[in-house]
Amino acid sequence: MTGTSWDIVLLGGASGIGKSRLAAQLAEESQGFVVEFDDVVSAVQAITTAEQHPDLHHFDHVAAPALPTAQVLAHQIATARALEPAALGVVRNRLTVDVPAVIEGDYLTPAAATRAVREGLASGRRVRAVFLHEADPGQITANYASREPDLAAQTHRAQVSAQFSHWLSHQAGLHSLPVVASRPWHTLTARTRQAIG
């Protein structure tokens, strides 16, 4: 199907660590395209209510910075797990199309990625998964400042993101999925290609 070692790549990782830029590079190299799972998350939230799916609506009425970091992290994990069927739905749809795709997003879990890899194998398609990791909240704060310069320093958000990154990395290890450090930036694409190759 493609000149790469994969047909679909699931690229997971916490917010603010370089997934979008990497996804664009991988898609360009494969002459494929990027599916932003965050768009799917927004769509799912738009057609559900907190009564129907409470784990998808933790932050509807509460500002995350007002909550303790551990509570925000717990909500993020619950939301990610609740979205696993949606992630698999996206992968199943992509398996019917002969164009390579990189599916990237904060809420992709290693558990869903593992199931997607197995379903790809069963259908004769090459589905790969890799998770980026950034442990330093200071670096994530700087990344947010570069990406969103008009906002104040987002230190609380970065602390949550770093802890979520640790959780995702640990879960990826449990599922024998590759974890790639976000830095150094200049070698990230090559290191990711090696991890999924």
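**Close-up views of a predicted model**

**View 1. The side chains of Glu148 and Arg157 form a salt bridge at 3.1 Å, taken from N to O.** A salt bridge here is a side-chain nitrogen of Lys or Arg within 4 Å of a carboxyl oxygen of Asp or Glu. Glu148 is buried, with a relative accessible area of 19%, whereas Arg157 is partly exposed, with a relative accessible area of 32%; buried means under 20% relative accessible area, exposed over 50%, and partly exposed in between, computed with a 1.4 Å probe on protein chains only. Elsewhere, salt bridges that share partners join Asp7, Arg125 and Arg126 into one network. This is a predicted model, in which local features need pLDDT of at least 70 and side-chain atom pairs count only at pLDDT 80 or more, while totals for chains, interfaces and linings use all residues. Residues are numbered from 1 along each chain as its sequence is written, and side-chain values use heavy atoms, with hydrogens and water left out.

**View 2. Lys19 and Asp106 meet through their side chains in a salt bridge of 2.7 Å, N to O.** Lys19 lies in helix α1 and Asp106 in the loop between β3 (101-105) and α5 (110-122), so this pair ties together parts that are 87 residues apart in sequence. The helices (H or I, at least four residues) and strands (E, at least two) are DSSP runs, numbered from the N terminus. Both partners are on the buried side of the scale, Lys19 with a relative accessible area of 5% and Asp106 with 17%. By the rule given for View 1, the count in the model comes to eight salt bridges.

**View 3. A salt bridge of 2.8 Å, N to O, joins the side chains of Arg183 and Glu134.** The pair links distant parts of the chain, since Arg183 is in the loop between β5 and α8 and Glu134 is in the loop between β4 (127-133) and α6 (137-147), 49 residues apart. Arg183 counts as partly exposed at 35% relative accessibility, while Glu134 is buried, with a relative accessible area of 4%. The peptide bond from Arg183 to Pro184 is cis, with omega near 0°, and Pro184 has its place in the loop between β5 (179-181) and α8 (188-196).

View 4. Most residues other than glycine have a negative phi, and most peptide bonds are trans. Gln31 is found in the loop between α1 (19-30) and β2 (33-36), and at 72% relative accessibility it counts as exposed. Ser176 sits in the loop between α7 (155-174) and β5, and counts as exposed at 67% relative accessibility.

**View 5. The largest nonpolar core has 30 residues, and those with the most contacts inside it are Leu10, Phe37, Ile103 and Phe164.** A nonpolar core is a set of buried Ala, Val, Leu, Ile, Met, Phe, Trp, Tyr and Cys residues joined through side-chain atoms within 4.5 Å. The elements that give two or more residues to this core are β1 (8-12), α2 (37-46), α3 (69-82), α4 (84-94), α5, β4 and α7. Leaving aside its neighbours within four places in sequence, Phe164 is in contact (heavy atoms within 4.5 Å) with Ala14, Leu73, Gln76, Ile77, Ala80 and Asp106. A second, separate core of 18 residues includes Ala23, Ala158, Ala162 and Ile196.
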